[in-house]
Amino acid sequence: MLGNPVTLSNSMNIKELLSRYRAGQRDFRNLNLMAANLRNVDLRGINLSGANLTKANLTRANLGCANLTGTILVGANLSETNFTKANLTDADLSNANLSDTNLSHAYLRDTKMPEEVKSSKRSNQSEKMLAQ
């Protein structure tokens, strides 16, 4: 059963998720992990596409090279989380805490970012235009 998508009612506890991940499973599509505590976990290369991680705590988690396409991360704590080379296409990060988050080389096409990030980006673009 390793490598097969999770089909058990699309929810499981964190202990089971980590156990399956350690056993080599990487496909955890469409899971409901609302308010899950995944602080300091190493989940490099995991497939959580379509998962619901609303208000989850992913502080200092390693999600490098993860597939998070369409994942809901609304209100999640993503501070110091590593998303290097992760696919966040169509993910929703509204109201998420992105302080010190590493998004190096992450795919962010159509990703819904927190308002502060959008405001900061607009502000930086305005400053560049004024400097010209």
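The model is predicted, so local features need pLDDT of at least 70 and side-chain atom pairs count only at pLDDT 80 or more, while totals for chains, interfaces and linings use all residues. Residues are numbered from 1 along each chain as its sequence is written, and side-chain values use heavy atoms, with hydrogens and water left out.

Side chains of opposite charge can pair when their charged atoms come close. A salt bridge is a side-chain nitrogen of Lys or Arg within 4 Å of a carboxyl oxygen of Asp or Glu, and the count by this rule is four. One of them joins the side chains of E16 and R20, with 2.6 Å from N to O. Both residues belong to helix 1, four residues apart, which is about one turn of the helix; a helix here is a DSSP run of H or I with at least four residues, numbered from the N terminus. E16 is partly exposed, with a relative accessible area of 27%, whereas R20 is buried at 16%. Buried means under 20% relative accessible area, exposed means over 50%, and partly exposed lies in between, using a 1.4 Å probe and protein chains only.

Another salt bridge links D42 and R44, whose closest N and O atoms are 2.5 Å apart. D42 is partly exposed at 34%, and R44 is partly exposed at 48%. A further salt bridge brings together E80 and R60, at 3.5 Å from N to O. Both of these residues lie in the loop between helix 1 and helix 2, so the pair ties together parts that are 20 residues apart in sequence.

The loop between helix 1 (14-22) and helix 2 (115-131) also holds D27. D27 is buried, with a relative accessible area of 12%. Its side chain makes a polar contact of 2.6 Å with that of R29; such a contact is a pair of N or O atoms within 3.5 Å, and within protein one must be able to donate a hydrogen and the other to accept it, with residues adjacent in sequence counting only if both atoms are side-chain atoms.

The charged end of R26 sits over the ring of Y21, 3.7 Å from the ring centre. This description requires NZ of Lys or CZ of Arg within 6 Å of the ring centre and within 35 degrees of the ring normal.

In soluble globular proteins, nonpolar side chains tend to be buried together. The largest nonpolar core has 33 residues, and I46, L78 and L93 have the most contacts inside it. Such a core is a set of buried Ala, Val, Leu, Ile, Met, Phe, Trp, Tyr and Cys residues joined through side-chain atoms within 4.5 Å.

Terms used. Helix = DSSP H or I, 4+ residues; strand = E, 2+ residues; numbered from the N terminus.
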